[in-house]
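The following exercises are to be worked with the sequence and the coordinates at hand. Each task is followed by a solution in steps.

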Amino acid sequence: MISVKGDILKVKTTYETSPNIALVKYWGKFDEEYILPLNSSTGITLSTEDLQTRTTITLTNKYKEIKFLLNGQPHPVSGRLKKILKFFEEKTLAALGEELVPLQEGDNQETKRKNLKEFLNGDLSQLKLKIKSVNSFPTASGLASSASGLAALSVCLFDVYHMKEEYDFQRSVIARLGSGSASRSIYGGLVEWTGVPHQFLQRKFETKNNEVQLSEQEYEQLSKLCIAKQTHNETFFEDLDVFVVAYSFESKEVPSTSGMLQSTQTSELLKYRALNTAHVHIAGVKKAIEQKDYNELARLVRLDSNQFHAVCLDTTPPIFYLNDFSKNMINFIHQLDSALEYHVAYTFDAGPHAVLLVHKNHTPQVLRAIYEAFSIADTDSLNSRAQQTLKQAMEQEL
Ligand code: ADP
Ligand code: DP6
Ligand code: CO
């Protein structure tokens with residue numbers, strides 16, 4: 001939407017996105033600037049409406065400086081966000097010029113730019129963004145708010161700057177600059193984000209302090225290679241319910257960005273994982289999904305989550321994202337195995353909350369068992385789909 005009122009130029013757009021929860025975790029960057037992951041990862045983009053980010057962006061000459069409100073509070077404009085905004089600011093002229101100024105026959109790009117400049121009294125720097133974003137779930141607590149948050153931001157910015165013709169691929173690349181996991185949240189279904197090839201990992205790990213020197217060309221090459229792609233659409237998961245059992249709304253003590261940097265600098269297990277495990281888990285997860293082998297899927301997803309948390313423990317100083325609730329949940333899910341035809345997969349991101357993949361045949365039974373075992377005082381800690389299913393299961397038993 002674009003409107004011109006007096007001397008106010010206003011472009012406004014709103015989008016909603018959801019977190020992508022990794023089934024095989026990304027943890028560690030090959031390069032901090034380009035956000036190139038040490039290992040490939042794959043994750044499922046949630047589609048429940050209570051796990052969503054809603055972002056509205058306005059580009060206007062009403063404000064003196066950029067404003068960013070997250071969940072109603074002013075939020076700092078980080079270096080990564082600045083990098084994203086720079087990409088768009090460089091394109092402002094061309095993008096807005098076309099929309100604002102009607103084309104006269106014979107007009108070229110230059111004339112359009114000139115007209116726009118005149119409209120703004122020659123000062124394009126007066127165009128400022130107002131970003132308002134709200135997460136309907138805990139922020140910075142381990143439910144991938146950075147994934148849905150930065151994905152929403154990227155999609156909105158492409159729209160505000162009238163770059164609708166660009167592909168999702170570019171939205172994903174820009175989202176990646178804000179948060180690695182956000183590159184996956186641009187797509188639905190199962191989404192794989194490719195890590196750097198092994199020969200580059202070896203070069204990095206062989207260098208003192210892991211500080212490998214690459215040419216600009218090599219960075220460009222890696223940047224194009226390390227992109228996210230949908231590998232399986234939503235219909236591959238129609239037998240499964242994805243439930244979140246949230247523990248609290250508290251922010252984590254160690255944000256993902258600094259946690260994975262510490263792990264990259266200190267953990268030997270992280271190197272082993274990047275070289276030997278992550279890609280094997282990904283191949284296994286994809287095969288299990290295609291073959292509807294849900295017990296194999298559960299085995300691999302659990303293993304990967306546990307290995308990721310082992311890497312956190314192998315970090316100096318150690319990082320603890322799992323708490324007693326998480327550990328009890330892990331034990332509980334394993335104990336349920338003997339009673340179920342299809343085992344429940346659990347996965348924990350950088351936080352204590354459980355994300356469960358449950359075969360639909362078992363959901364009432366599993367939810368009821370969790371409800372009783374964890375004496376969940378109210379059902380607020382469950383996402384709405386889980387709440388509904390639980391309510392039905394309990395009514396049926398009465
Ligand atoms: P999480 O586990 O929730 O992804 P992270 O530590 O990875 O936690 O990232 C949290 C950070 O992501 C927040 O401090 C904030 O800077 C950013 N973030 C979260 N939600 C949004 C949003 N809706 N819009 C923009 N940035 C967001
Ligand atoms: C455990 O994408 O939040 O959730 O790239 O530094 O923003 P940055 O980190 P982020 O890390 C996510 C880590 C994880 C696993 C995953 O989502 O793959
Ligand atoms: Co995150």
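Axes are lines fitted to C-alpha atoms, for helices over the stretch in contact, and angles run from 0 to 180 degrees between N-to-C directions. Helices (H or I, at least four residues) and strands (E, at least two) are DSSP runs, numbered from the N terminus. The model is predicted: local features need pLDDT of at least 70, side-chain atom pairs count only at pLDDT 80 or more, and totals for chains, interfaces and linings use all residues. Residues are numbered from 1 along each chain as its sequence is written, while chains are lettered from A and ligands numbered from 1 in the order in which they are written.

**Exercise 1. Determine how α10 and α11 are packed against each other.**

Step 1. Between α10 and α11 the axes come within 9 Å, and they cross at roughly 160°.

Step 2. Angles under 35 degrees count as roughly parallel, over 145 as roughly antiparallel, 65 to 115 as roughly perpendicular and the rest as oblique. The two helices α10 and α11 are therefore roughly antiparallel to each other.

Step 3. The crossing of α10 and α11 is left-handed; this term applies if the near helix is turned anticlockwise from the far one by less than a right angle, and right-handed applies if clockwise.

Step 4. Residues are in contact if their C-beta atoms, placed from the backbone, lie within 7 Å. On the α10 side the contact includes L269, R273, H281 and I289, and on the α11 side it includes E296, L300, D304 and V311.

Step 5. For the classes, Ala, Val, Leu, Ile, Met, Phe, Trp, Tyr, Cys and Pro count as nonpolar, Asp, Glu, Lys and Arg as charged, and the others, Gly among them, as polar. The contact of α10 with α11 comprises eleven nonpolar, four polar and three charged residues.

**Exercise 2. Describe the sheets that α10 and α11 lie across.**

Step 1. Two strands pair if DSSP finds at least two bridges between them. Pairing of strands in a sheet is through backbone hydrogen bonds, either parallel or antiparallel.

Step 2. Helix α10 (residues 268-290) lies across β3, β6, β11 and β12, at about 105° to β3. These strands form an open sheet of four, in the order β3-β6-β11-β12, with antiparallel pairing. From one strand to the next the twist averages 35°.

Step 3. Within this sheet, β6 is joined to β11 (residues 190-193) by four bridges, in the antiparallel sense. S41 has W193 in β11 opposite.

Step 4. Helix α11 (residues 294-313) lies across β14 and β15, at about 20° to β14. An open sheet of three strands, also of antiparallel pairing, has the order β13-β15-β14. At its edges are β13 (240-245) and β14 (345-347), each pairing on one side only.

Step 5. Three bridges connect β14 with β15 (residues 354-359), and A345 faces L357 in β15.

**Exercise 3. Which residues of the shells around ligand 1 and ligand 2 come closest, and which elements contribute two or more residues?**

Step 1. A residue is near a molecule if its C-beta atom, placed from the backbone, lies within 6 Å of it. There are 21 residues around ligand 1, and S145, S146, G149, P255 and S256 come nearest. The elements that give two or more residues are β10 (128-135) and α4 (145-160). Helix α4 gives the most, with six residues.

Step 2. The shell around ligand 1 holds nine nonpolar, eleven polar and one charged residues.

Step 3. Ligand 2 is surrounded by 16 residues, the closest being A22, S179, G180, S181 and T257. Here β6 (41-45) and α9 (256-266) are the elements giving two or more. The division is six nonpolar, eight polar and two charged.

Conventions:
Contact = placed C-beta atoms within 7 Å.
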